[in-house]
Amino acid sequence: MPQLPPPAAPPSAPTPALAPESEDRPADRGPQWPLWFAPGAIALGFGLGIIATIVVDVIGHPRAGSQQTVAEALVANLVFDLGFVAAAIYFVNLRGRPRPPDFGFRRVAPWQAILAVVLAGGGYYLVTLGYASLFSLHGNDRLPAPLGTTQSTIGLTGVAVFVCVFAPVAEEFFFRGFLFGVLRRMQVTVAGRDAGTWLAAIITGILFGLAHAGSALSQDLVPLGFLGFVLCLVRWKTRSVYPCIALHSLNNSVALGATQFHWTGGEVAGLVIGSLAVIGAFTLPLAGPPAPA
């Protein structure tokens with residue numbers, strides 16, 4: 001008896017086309033780091049920083065009443081910042097081996113980076129001038145008293161390296177590379193539109209301003225918080241942390257050279273260029289490919 005041919009398979013439903021990726025979709029917000037990483041890393045980083053600072057103080061001041069030197073102040077500030085960097089790496093490591101691109105160390109077109117720095121920096125300084133004029137504020141950003149002491153070339157160099165090179169890299173790593181990346185996972189809708197990124201930028205900016213409570217005048221915390229917000233927008237739009245580091249270093253270099261050291265314009269420009277060159281030499285090897293558009 002001849003065998004009947006097998007029944008034809010029912011036609012399969014057409015596969016729906018994938019919607020184009022949008023920069024606001026959760027899938028495009030970087031690694032899947034849970035929201036609880038943010039408060040956890042802040043608490044751990046603060047704890048590590050306090051403990052490390054106490055250790056440095058005990059080692060540097062075996063006798064009560066001795067005055068802190070510039071070197072001791074620099075080391076204390078350095079280990080405090082490193083505490084937050086270590087905390088971020090620790091929590092990210094809970095979900096897999098961390099990679100530099102996860103924190104925004106990605107290549108970006110030079111023209112895009114320059115444009116972002118110019119627009120963001122210009123907007124920040126205009127808002128800062130308006131804020132100062134509106135409230136009739138006077139005074140400049142200041143550093144902790146020990147860091148403002150530059151009695152030697154070595155001390156001056158150490159302060160410049162910390163303020164213009166190390167601090168921008170470490171703080172952008174934590175605030176824009178880690179914290180902003182975590183908080184962007186928030187699902188917040190306003191008027192039918194996803195507002196999680198904007199809320200994350202606001203929160204990160206506020207925390208960034210508060211983090212400078214010990215190194216800036218109280219009247220400058222609001223502008224610094226706005227700077228933190230602007231840097232988040234730069235990180236969001238360029239999808240790279242490099243323009244954020246560049247703008248942060250530029251701001252610190254101008255504040256340090258012009259208002260602390262009272263250098264000439266050429267000397268300040270040299271500090272800016274030198275700081276960016278050192279940052280590039282140490283961080284560009286970490287750069288991953290540009291984020292997908």
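Is Ser 249 buried or exposed? In this predicted model, Ser 249 is buried, because its relative accessible area is 0%, well within the limit of under 20% that defines the buried class.

The protein chain holds eight helices and two strands. Of the 293 residues, 39% count as buried. The accessible surface of the chain comes to about 16000 Å², and carbon and sulfur atoms supply 70% of it. Contacts across the sequence are well represented: among those joining residues at least 6 apart, 78% link residues at least 24 apart.

Ser 249 belongs to helix α7, which covers residues 242-260. With 19 residues and 1.5 Å a residue, α7 should span 27 Å, and the end C-alpha atoms lie 26 Å apart, so the two values agree. After α7 comes His 262, which has a positive phi, near 60°.

Around Ser 249, the partners come from other parts of the sequence. The side chain of Ser 249 reaches the backbone oxygen of Cys 164 at a distance of 2.8 Å. Once neighbours within four places in sequence are set aside, Ser 249 is in contact with Cys 164, Pro 168, Ser 275, Leu 276 and Ile 279.

Helix α8 spans residues 265-283 and includes Gly 274. Gly 274 counts as partly exposed because its relative accessible area is 31%, a value between the 20% and 50% cut-offs. Although Gly 274 and Val 161 are separated by 113 residues in sequence, their C-alpha atoms are 9.7 Å apart in space.

Attention can now turn to the surface. Phe 46, Ile 50, Ile 54 and Val 58 form a nonpolar patch there, with about 370 Å² of accessible area together. One of these residues, Ile 50, sits in helix α1, which runs over residues 37-60. Ile 50 is classed as partly exposed because its relative accessibility is 34%.

Note on methods:
Residues numbered from 1 in each chain as written. Predicted model: local features only at pLDDT ≥ 70, side-chain atom pairs only at ≥ 80, totals over all residues. Heavy atoms only, no water. Helix = DSSP H or I, 4+ residues; strand = E, 2+ residues; numbered from the N terminus. Buried < 20%, exposed > 50% of the residue type's maximum accessible area, 1.4 Å probe, protein only. Polar contact = N/O pair within 3.5 Å; in protein donor to acceptor, adjacent residues only side chain to side chain. Contact = heavy atoms within 4.5 Å. Patch = residues over 30% accessible without salt bridge, like charges linked within 9 Å, V, L, I, M, F, W, Y side chains within 5 Å. Areas by Shrake-Rupley, 256 points an atom, 1.4 Å probe, with all protein chains shown as cover. Salt bridge = Lys/Arg side-chain N within 4 Å of Asp/Glu carboxyl O. Expected span 1.5 Å × (residues − 1).
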